[in-house]
Amino acid sequence: MGALRKWLFSGLLVLVPLIITLWVLDWVVGTLDQTLRILPTSWQPDQLLGMHIPGLGVVFALVVLLSIGALASNIIGNRIVTWWHALLHRIPVVRSIYSGVKQVSDTLFSEKGNAFRKAVLVRWPHDQMWTIAFLTGTPAGNVLEHLQAQGGDEAFVSVYVPTTPNPTGGYFVMVRQRDCVELSMSVDEALTYIVSMGVIVPGGPKNPAVKAAIATP
């Protein structure tokens with residue numbers, strides 16, 4: 001029974017990541033293939049070739065993305081983008097949604113942005129526990145005034161505390177800079193550590209306690 005259990009866990013360790021990876025790739029490719037529907041029916045590859053070839057939507061989406069990026073990088077395209085932003089900001093409901101999404105995307109994808117550039121260790125959810133968070137910036141304006149009114153002239157930082165095993169959900173908190181411990185691991189390593197729930201240790205082998213539990217008959 002001990003050997004069977006060991007083989008079972010070993011098989012799961014091999015197949016589960018592979019199955020999830022293939023499922024995610026299938027979802028991404030299937031979603032991007034839907035972009036071909038914006039083409040006229042007579043121009044769609046399924047009609048021209050008489051068969052469906054998965055992945056053509058990925059190529060098409062990449063071409064569209066590069067084309068828009070090239071257009072937005074020149075003077076004429078920049079003016080068009082500026083006009084488009086101004087138009088969207090004039091629409092009452094769209095303005096609120098678009099402004100918020102654009103601020104987040106500018107922070108995440110801008111070359112000058114500093115979002116998720118550092119992994120830090122903070123006390124969360126109370127002083128007796130620690131967790132990994134990501135530095136996102138520093139408070140400013142009225143928020144900083146209130147923080148300094150409570151904590152003096154101490155420096156504060158904004159951090160994002162992700163949840164496990166889904167780091168896309170989490171908490172945005174502001175803490176004293178002296179209460180953060182900067183980690184030497186990269187953001188990718190920290191995300192792997194969080195998603196694996198501490199099983200995969202950055203810079204080291206898989207958690208020895210888990211290996212011992214699996215190997216114990």
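Predicted model: local features only at pLDDT ≥ 70, side-chain atom pairs only at ≥ 80, totals over all residues.
Residues are numbered from 1 along each chain as its sequence is written, and side-chain values use heavy atoms, leaving out hydrogens and water.

So what touches Ser158? Skipping neighbours within four places in sequence, its contacts include Phe134, Leu135, Phe172 and Met174; contact here is heavy atoms within 4.5 Å.

Ser158 itself sits in strand β3, strands being DSSP runs of E, at least two residues, numbered from the N terminus. The open sheet has five strands, ordered β4-β3-β2-β1-β5, and the pairing is antiparallel; two strands pair if DSSP finds at least two bridges between them. At the edges you've got β4 (170-176) and β5 (181-182), each pairing on one side only. Further in, β1 (residues 118-123) and β2 (residues 130-137) are joined by six bridges, and Lys118 is opposite Leu135 in β2. Helix α7 (residues 187-195) packs on this sheet, touching β1, β2 and β3; helices are DSSP runs of H or I, at least four residues.

Which residues make the contact of α1 with α3? On α1 they're Val29, Leu32 and Asp33, and on α3 they're Leu56, Gly57, Val58 and Ala61.

Note on methods. Axes fitted to C-alpha atoms, helices over the stretch in contact; angles between N-to-C directions.
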